[in-house]
Amino acid sequence: LNGALSLSVAWYMTVKRTGLSPLAPGQKKSLLASYAMIYGALQLLKPFRVAAAIGMSKLSAEYLDMTQERFNCSRNVAIGCQ
């Protein structure tokens, strides 16, 4: 999903910048440059995404426990409710 979205955004950027489809002769370099820029930006953001996921894991576990207690149900049902 991440790769498909990156490629779609790169495609849009290429068309917007050049006015031509990336399938047109000689436009592949522009598409690859756009994709490389997006890929690089996503790689720079990855540590922040991991840190956010780790930070939210405790909150998610607390919410799961609260759901389980409030509905008086099993853990699997509480996971399904979320």
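How many helices and how many strands are there in the chain? There are 3 helices and 0 strands, and along the sequence the pattern reads α-α-α. The radius of gyration is 21 Å, well over the 12 Å that the globule rule gives for 82 residues, so the chain is more spread out than a compact globule. The C-alpha trace spans about 65 × 25 × 15 Å along its principal axes.

Please bear in mind that this is a predicted model. The mean pLDDT of the chain is 90, with 99% of its residues at 70 or more. Among the elements, H1 has the highest mean pLDDT, at 92, while helix H3, residues 75-81, has the lowest, at 85.

Let me turn to the packing. Two packed helices are described by the angle between their axes and the distance between those axes. Helix H1, residues 2-18, packs against helix H2, residues 28-71, at an angle of about 135°, and their axes lie 8 Å apart. Because roughly antiparallel requires an angle over 145 degrees, H1 is classed as oblique to H2. The crossing of the two helices is right-handed.

Which residues meet in this contact? On the H1 side they include Leu-7, Val-9, Trp-11, Met-13 and Arg-17; on the H2 side they include Leu-31, Tyr-35, Ile-38, Leu-42 and Arg-49. The residues of the contact divide into 10 nonpolar, 7 polar and 2 charged.

Thank you for your attention.

How values were computed
Residues numbered from 1 in each chain as written. Predicted model: local features only at pLDDT ≥ 70, side-chain atom pairs only at ≥ 80, totals over all residues. Heavy atoms only, no water. Axes fitted to C-alpha atoms, helices over the stretch in contact; angles between N-to-C directions. Helix = DSSP H or I, 4+ residues; strand = E, 2+ residues; numbered from the N terminus. Parallel < 35°, antiparallel > 145°, perpendicular 65-115°, else oblique. Left-handed = near helix turned anticlockwise from the far one by under 90°. Contact = heavy atoms within 4.5 Å. Nonpolar A, V, L, I, M, F, W, Y, C, P; charged D, E, K, R; others polar. pLDDT = per-residue confidence, 0-100. Rg over C-alpha atoms; globule rule 2.2 N^0.38 Å.
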